[in-house]
Amino acid sequence: MQFRPSLSGPTRTMSLLSPRAVLLASAVLVLPLAAPALADGKLAIKVGRIITLSGPDITNGAILIENGRITAIGADLKLPWDAIVIDQPKMVAFPGMVEAHSARGMDRPNENIDVAPFLSVRDSIDPVGFYFEDSLRWGITTINVQQGPNCVIGAQGMVVKPVGITIEDMLIKPDGGLKLSAAPKQGYSPATQQQALRSAFSDLRAYLEETVRDKQQGGDRSKREALFQGRDLEGEKSKGKAMGGNAWKVEGLEAIPRGEIDEKQEPLLALVEGKLAAFFYCARPMDVQRALEIARANGFLARTTLVCNTACWKAIDAIADAGVPVVLEGPLVNLERDPITGKEMETFVPKVFADKKVRFALSSSNTTTESLWFQAATSVGLGLPRDTALKAITIVPAEILGLQKRVGSLEVGKDGNVLLFSGDPLSVTSFVEHVIVEGAHVYDRSKDIRVKALLEGKMPPGTSAAAEPGAKVEPSAAKPHDDTGTVPLDEPAPKKKD
Amino acid sequence: MRTVFLALALTAPLVASQRDALDGAVALKAGSIYLVDGGVVLDGGATILIRDGHIEAVGKNIDLPADVRVVDYGPDAVIVPGLIAATSPYGLGVGSQRTADFGVRALDNLDLFAKDPLEDISAGVTAAYIAPTNSRLIGGQGAVIKLSGEGLAERLVLGPAAIDGSITEDARNTPGYWKPPVPATADIGLGLQQRQLPQTAMGAIVALHELVDIAKGGKDSGEYGPSIVAEARELWQKRTPWRIEAESAYEIRALVAFAEEVRLPLILGGAREADKLSTELAGANVPVIFEVDMMPNSGGRDLGRGDEVTWPRYDVCARLAEKGVNLAITPASNMRPRNIRYAAALASRGGLSADAALRAITLGPAEILGVSQRIGSIAVGKDADFCVLNGAPILATSSVLATWISGDEIWNAARDTAIQTEARAKAAGAFGADAARSQPRLPGPVVIEVEQLYLGDGQILSPGQILLDKGRIIEASSRVSHPAGANVVRGFAAMPGMIDSFSYLGLEGSQRTPDAEFQFSRIVETGDSTDRRVAKAGITTVLLSPRGVNPAGVNLMAYKPAGDNLATMIVEDPAAMRMMWSDRNRMESGRVVKESLAKALEYKKKWDSYEEAKAKWVPPPPAPVVAIEEKKDADKEKKTDEAKEGDKKEEKKDDKKKEEEGDPVNGIWEAKLIVPPYSEPSNFRLRLEHDGTKLTGSLRCDPLSSSLIELSGTYTETEKAVPAKDAKKPAKDAKESGAEGDKDKKEEEGKDEAKKDEPKKEEPKKEDAKKDEPKKDEPKKDDAKKDDAKKKGKEPPKEKKFEATGKGTRGEVHLSGEFKDGKLDGKVMLGETAVSFVLERTSKELDYARRPERRRPKDEPKVESVKGEPKTPSIDPRLEGLRQAMLGNRALIVDVDRDDEILECVAAFEAAGIRPILFGAADAVKLASKLRGRVGGVLLSPAVLSVDPKLGVGSLTNRYAELAASGIPIAFKSEAEEGAAELPLLASYAVSQGLSPDVALRALTSGAASMLRIDNRVGKLASGLDGDVLLLDGPPLEPATSVLRVWVAGKEVR
């Protein structure tokens, strides 16, 4: 099921609203959910059960959050007198879920240029996008926003929380990793895609060799180019030396100050040096081998995560050998037909990965749902162990993002990201009732306007059909909302009906 | 419902199931093996021993190790090396943005996880060259792969095998290249699209020059992109050949000259006009991969009428081969590699030998692409890649029986086609699956090629071929079609299976004489070893007779003892009738037969008159339609015209209808019902029928079952245990009574049509009925009805209930209900779900009942005849055989010996219009001239020669030859069980003693078949007849000739 009532009504009715009214309406909608009021104070959450995922479940326990971090957790906690207490003895506390890779939340997910590691999703994320609001509703509190898969080497991602109205508010980790794709970009074949990937690194190498040669010959081309590109050669970001990677070396590279490295090439160099993580997209099993080939040849295999579509399970041996973690996108069950017998075979993909002991995170990019939690529940239904399924939406993606010390489980010292479920998280009847992100209460289902609109038929204020639940908006009934009081001329006068 | 299979055995993808699990050695046997290298062909049976995917030994007589698994494709199979497609679509993709890109690897385009390309493997292709693209000057690196195998290690033969490029027109349409400067500034701007070479052939040569310079280590201008240098130099150092496509003569000339100049290791691809430069190509030692310009799988191509139009030419290869150019032949790149054999055959025009053509699709491409140390020929140490054919490799009529790749049989036509057929039948639905299971596994198509084909009717085709499939002869002519995967068998001669015109084979010693009605098909069993031995001697069909004859005659059956499927074994039953004329007491001879004939004539007359009457009889318009109209008319009459009572017939009919329709249960009941979990109402259609207590019917309701639910249950009429007040009520109120029991009301109404117009509330029905009585003209019936009515009138209303169950697709459905006021009130239960319903009867007609009547063939007598239709006489099994014989549908065999008896007998039968087959007939030879045209034939007692003891050797007569010479049809009989196997010897002996071999052959095949009237199934090699064929090593009926192989109903008898 999807709680996704349309924001915009029929276009005809929308035309009656002035731009100001629309703006107002959207502000009203977003604020109650996403206003970042991160608590500096103390918050105590008392619940019937705490699923910590780092240890055994705690019955009738409490979590104490101070300054956004968990400071105490246990069954018999002495709560400080000045703490605000949320006491929900029937509810179940669960760590905020983590999305290791998501190509949503941006105005557009894909850039046109093949190799564009110098781009960053920071400039594309839309903080008031509906996706972030929905993420809270589904209990996702940490999201790695990555560019879409239609690229060769794409932009750098960013880890955010779905709270806040500026990118700075949302930021958790600025370097979410570089997006690469082994699946052919539009208009490419696998071979040309692979050649473009190879070229990107061989071009980097050629550039570095050329730069070193120039420097050794006493030239200052890199410096002039840096100045031409307008870079701050003295700033914090430019300190240090270019080092090169382990897989291949360029002699004499350490002589080049980091700040002089071409902006276009710098992120790739960081990747090769192991300073950046890579998210490598694979649509088909044949892509997996090519992705691993590139990662191995350029020494960033250890920091690579494969973003795999369903069919990639066939390349499980190669994935297991490489020892890389995986984000599983697409349907959980793979269907295929035997060409001779015509028999249809179904493969439940997460189980394949679990059995081969490959670390994998589930993804909400799925054909049936956008909820991580539903993915986990379905997986358990299809035979995945509960523990594995729950970890695949919390601590495993946290590890993939290098945030295992901050999120992914309920432990002292971690971020105060807590979900309160109305029951067991994998039960169909359970919902995320409250979301606490870094100690701030950011979502309350009982006050969720959209859920209300869906379940009770009350449209959120300001939307087109707000007047009556399910009422048909007659042109005559919808009075102009703007101050001028004009009625559009093209609107025919309502006809009388017998 | 889907089940989720957890794929645990991940290391073994689907392909592995087809592979041989055995690791040990495998020996492949076939009639001939083409080694290709040196043009060697091992004929007359040879073996290849393979181990671990490689050839360990090959030869005519090789010692096989103990653990070897032998795969024998038979003496007619041909093994050639696996075919190598020098052009294939597997690696093809979009070209690079650059006009020349050495780094694009075709291997990257190869999906190793895809299913095996069976469409090509099934045509014998085992390896292929893959190119990354075909539309760039330098598209990238090509490779040679196998079509099956696990992972790159098993698939890859050589990579990179060649630098792949093209200077044809396709490649000269280069894309513009744009590299964005980042960041774009006001000074630099976004940059412009750069044009790339080449647009012309000369441009292409210039560009190639530059590229070779770069590859050789010259200065890089940067025009071809920054990343080509390293790869180009590496490949040049490895001396990787450049496979460049060129088509027209000028392109080829320029390319060859260029290659000579820069010492480029060139492979010429495409090469449409290469023959014009064959000398140059041979001189420069440039191998050619010739793409045959063909699109046989489509209609004609209109290329235009101008002079510049290039017409496809097929003699290029012959000219190239003549000059000694190393050659590979492939289908055009837009055709699948599966056409490679056809392409090679097509390119053989102009004199390319079949051996050279085979080389051009095996060793030729292997050498050109640098993989001949592994594939391309059959030699010790090479990969075990084979293509097993059922005939010569370069022949349109040969097809592939099996394909081996790396020591595994990846494709087997017989096996895989059977699996596919089964799967397709299963996919067709549950009924399809059942049908597939119940059907016998038919052998695949078989083609028999012989030097002399004896069709059985006297014709001999030389050479001749037969195609057997699905148990029948599809074709018998000089050249027949060879379907894919057909098993081809060769031999000297072939003829139809022989017929033993009188045998006991199958009686297993039984001496009993069955009665006239007995049918042998009831005791038939599939062939045992004895039956098979008889068949191997050539006798495939016998006329089975009991040993004794009862006076009224016995039925004989024609069948195939060696068959393995009852449905096809029986040729005809009864096929003939046998009677006994001669009697030991000669006064009695023929008496019984004459009596039978007389009776049979009477019997036949009855039938004749019936059929005559029937032919004249014009059936009334279809009954059901009439009935409805009449009923409506009658209703109208009732309502409008009360005086119209006169027409008794009309009334009577009406009565009958009412009685039928008055039934409260029978008919179609319908309603719209909401059945959980669905919220939409769905159609609920119930068909009910009862015979008093038993209730049958069917239910259609989609939420309950996706298919029709067959119902069965009970119908009960019990007296209502209701208070007296209620019980009286219906008696008083006619209307209500009528409503409760339709039957009563309708019956009353039927009698008194005026009643409807009378005031509704009046006297009880009983009186009503009485009042009507005098009006009736048929007192008997009226009385009965009156009584009936009385009884019913007195009776309390009945509770009419039913219960029924049936199985639907969602489980068992239980229905119960009560018939009330013309409605059906009840509930339906599916598991725990119960839904109550009130159904309305929409029809009282049960449409199903009419259907069989409509479908019944015209000549078959109807059980319920329509009025006025002639009545069918009953069938007398004792006389029916004679009647059929009189009609000429069935053979009649009569035992008769002496000359006077023969004459009398033939005369008696002649009177009845029968031409009997004389059995025994020792004296028939004497009467030959008198019997001509009057008998169906003669089944002589076995002795061929007769001699008159008084006259001595001079009177030696070949009785068969004498009869045949007199124009009397003859056939041979064994009068034995397994002794039937010697029948061909009898015929052969008769031939040796002067009988025409042609006549003898016919007497064993088509002659016997037409004599026994089974020539619609056996006796000849003709399309549509049963696939009973003998393969011989010499002319038939020669004593030295033996039967090599036998097919019965298309299946070989082993």
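In which elements of chain B is confidence lowest and highest? In this predicted model, in which local features need pLDDT of at least 70, side-chain atom pairs count only at pLDDT 80 or more and totals for chains, interfaces and linings use all residues, the lowest mean in chain B, 41, belongs to helix H24 (residues 847-855), and the highest, 97, to S8(B). Here pLDDT is the predictor's confidence in each residue, from 0 to 100, and helices (H or I, at least four residues) and strands (E, at least two) are DSSP runs numbered from the N terminus. Residues are numbered from 1 along each chain as its sequence is written, chains are lettered from A and ligands numbered from 1 in the order in which they are written, and side-chain values use heavy atoms, with hydrogens and water left out.

Chain B averages a pLDDT of 80, with 81% of the residues scoring at least 70. Over residues 625-634 of chain B the pLDDT is below 50, and this stretch has 7 contacts (heavy atoms within 4.5 Å) beyond near neighbours in sequence. Residues 724-786 of chain B likewise stay under 50, with 82 contacts in the model beyond four places in sequence. Where pLDDT is low, the predicted coordinates should not be read in detail. The model scores ipTM 0.80 and pTM 0.67.

Between the chains, 48 residues of chain A are in contact with 42 residues of chain B. The buried area, that is, the accessible area (1.4 Å probe) that two parts lose on being put together, summed over both, is about 3,700 Å², of which 62% lies on carbon and sulfur atoms. In chain A, Gln195(A), Ile340(A) and Glu346(A) lose the most area to chain B, together accounting for 19% of what that side buries. There are 3 salt bridges between the chains, each defined by a side-chain nitrogen of Lys or Arg within 4 Å of a carboxyl oxygen of Asp or Glu; one of them joins Glu336(A) and Lys115(B) at 2.9 Å, N to O.

Phe279(A), in strand S9 (residues 278-282) of chain A, counts as buried because its relative accessibility is 1%, where buried means under 20% relative accessible area, exposed over 50% and partly exposed in between (1.4 Å probe, protein chains only). Leu92(B), in the loop between strand S8 (83-85) and helix H1 (106-109) of chain B, is partly exposed at 29%; leaving aside neighbours within four places in sequence, Leu92(B) contacts Asn109(B), Ala131(B), Pro132(B), Thr133(B) and Asn134(B).
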